[in-house]
Amino acid sequence: MAALAARGTAALPARLRPLWALPARRALAADAGEGKAAQPKPAFTDEAVQTLLYKMTGLDLHKVFRPEKKGLKPPHYKLMTEAQLAEATRKAIEEAKTKLIMPPVLNEREPIDDVLAEDKVLEGTETAKYVFTDLSYSIPHRERFIVVREPNGVLRKATWEERDRMIQIFFPKEGRRVIPPALFKDENLGTVFQQDRHEDLLNMCIAQFEPDSPDYIRVHHRTYEDIEKRGKHDLLRSTRHFGGMVWYLLSRRKADGLLIDMINRDLLDDATSLITLYHMLHPECQSAKEAKEQKLQGVDLIKVFVKTESQREGYIQLALQAYEEAMATSSAS
Amino acid sequence: ALSAGSRLLRGRGGHVVIRFALGGCTNRPFFRIVAANSRRARDGKYLEQLGCLDPLPNAHGEKVAGLNLERLRYWLGCGAQLSRPAEKLLGRLGGAGMDGGGRAGLGAALTASHRAGLAGFLPLHPMTVTGAERLRRRRQREQQPEAAPADGSAEPGTDS
């Protein structure tokens, strides 16, 4: 149990930064090339999108720094003045921000099948295939040469799975296994979901797989679907997976559950940023056009969205009413 | 510090070789591809380890080999020789099969022949080709005698 959480949080920001660099640079270049407002489809890495997602993620210090199951140590008490406490809180917020850096959302990678040579002479001489890995130290793992010589004499580049395995054998990374654990198979995911350990599962998934591997994408999508089905959006709030979840749901126009959850928790600002993001992603929908024409703000934006785009209109209207009544009573009293 | 090994290294001769050093346990070999002085023991002190080879297939049916091409290129540039099995691996199994461009410095006509000879790190060893031919011929010969006695035993059977 402890191993699950501990494995996931190992070695994070240092690893993510170089990986981030590639897609971010490409996205920024694309931005600069095509112009800002006219871009047909905003990417996950756009600054505007990222600010909105970051605002929605929230910053609950108690959840981010919730005690992980590590070794038992007696609690550490410090005596501080008000100024020192403010300073410590500020530092904690900085640390929390690094912990909340969102992992990249990439498309699935293309399978490799590139034959380098065919030597019919070698057919029948060997019984097993040879996998050669280039162990030169200063090459990035993506550019490393890993080739396979089959028993029929064909020399081909290794598939992505073979590549990941070999790189893990020779350059082991903490938290990653050579053969992915059985936890990530579809039949076992259900057990994890029943125990409400979506966040731990996603942390483990980030440690184990590359962001553009089909397994990573499959596990993430399965998790988001389950959260949406059971309405447990709060499990991921104030974690770094929240942005990815919002992006997934909005791309598939399933913003209703999330909206209801936000209104029930009185997070109206988050709700408005959610709708704004929806309009950025789907600018051709009716509520987006109306919002742009009338330049709506705040609750009106939500109302327009509810009237035109949502499937669960009734629920959202009820939630909005409850919220407005609560606001009225609190301001009255 | 001077030790028994240095007696070997005085005098004349001795050159750098890239060869396999055997390790592992009983019935479980494991080779390290190593650059060493030719007069050292097979598993003794070496100059640098350049990779490894696991001759037994793993759970996925592959024999895993790692090669530090950068350092290999350095030692070959310093004039290291290759042992027979090392030649077979590097030259033969297309070795790393990657570095056709890197080996261009050693003179062979790289530009035209991408696939043919320089498919691998080095060209195929001639003994590899010869060995493959011999194996094929031996298998054929094994099949023919089986066919001949089978015919021989079938005829008396049909006769009688």
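**How chains A and B meet**

Modeller: In this predicted model, the contact draws 34 residues from chain B and 31 residues from chain A.

Colleague: Glad to look at it with you! How much area do chain B and chain A bury between them?

Modeller: About 2700 Å², with 58% of it on carbon and sulfur atoms.

Colleague: What makes B:E62 and A:R165 a salt bridge?

Modeller: Their side chains come to 2.8 Å, N to O. The cut-off is 4 Å between a side-chain nitrogen of Lys or Arg and a carboxyl oxygen of Asp or Glu, so the pair qualifies. Three salt bridges are counted between chain B and chain A. Ten residue pairs are also found in polar contact across this interface, both residues at pLDDT 80 or more.

Colleague: Which elements give two or more residues to the side of chain B that touches chain A?

Modeller: They are β3 (48-53), β4 (62-67), α2 (69-77), α3 (84-92) and α4 (126-159) of chain B. The largest share, seven residues, comes from α4(B). By residue kind, this side of chain B divides into 16 nonpolar, ten polar and eight charged.

Colleague: How do you know that β2 of chain A and β4(B) pair?

Modeller: Two strands need at least two bridges, and β2 (residues 129-134) of chain A and β4(B) have six, so they count as paired. They run in the parallel sense. Within that pairing, A:K129 has B:E62 as its bridge partner in β4(B). B:E62 is also the residue whose side chain meets A:R165 in the salt bridge.

Colleague: In what order do the nine strands lie in the open sheet?

Modeller: The order is β1(A)-β4(A)-β3(A)-β2(A)-β4(B)-β3(B)-β2(B)-β1(B)-β5(B), with mixed pairing.

Colleague: Why do β1 of chain A and β5 of chain B stand at the edges?

Modeller: β1 (115-118) of chain A and β5 (81-82) of chain B each have a single partner strand, so one side of each lacks a neighbour in the sheet.

Colleague: Last one: over all chains, how many aromatic pairs are there, and why is A:F184 with A:F209 called edge-to-face?

Modeller: The count is six aromatic pairs. The ring centres of A:F184 and A:F209 are 5.1 Å apart, within the 6.5 Å limit, and the planes stand at 65°, over 60, so the pair is edge-to-face. A:F184 lies in the loop between α6 (160-170) and α7 (186-194) of chain A, and A:F209 in the loop between α8 (198-208) and α9 (214-230) of chain A, so the pair ties together parts 25 residues apart in sequence.

Conventions:
Residues are numbered from 1 along each chain as its sequence is written. Chains are lettered from A and ligands numbered from 1 in the order in which they are written. This is a predicted model: local features need pLDDT of at least 70, side-chain atom pairs count only at pLDDT 80 or more; totals for chains, interfaces and linings use all residues. Side-chain values use heavy atoms; hydrogens and water are left out. Contact means heavy atoms within 4.5 Å. Buried area is the accessible area (1.4 Å probe) that two parts lose on being put together, summed over both. A polar contact is a pair of N or O atoms within 3.5 Å; within protein, one must be able to donate a hydrogen and the other to accept it, and residues adjacent in sequence count only if both atoms are side-chain atoms. Helices (H or I, at least four residues) and strands (E, at least two) are DSSP runs, numbered from the N terminus. Ala, Val, Leu, Ile, Met, Phe, Trp, Tyr, Cys and Pro count as nonpolar, Asp, Glu, Lys and Arg as charged, and the others, Gly among them, as polar. Rings of Phe, Tyr and Trp (its six-membered ring) pair if their centres lie within 6.5 Å; planes under 30 degrees apart count as stacked, over 60 as edge-to-face and the rest as tilted.
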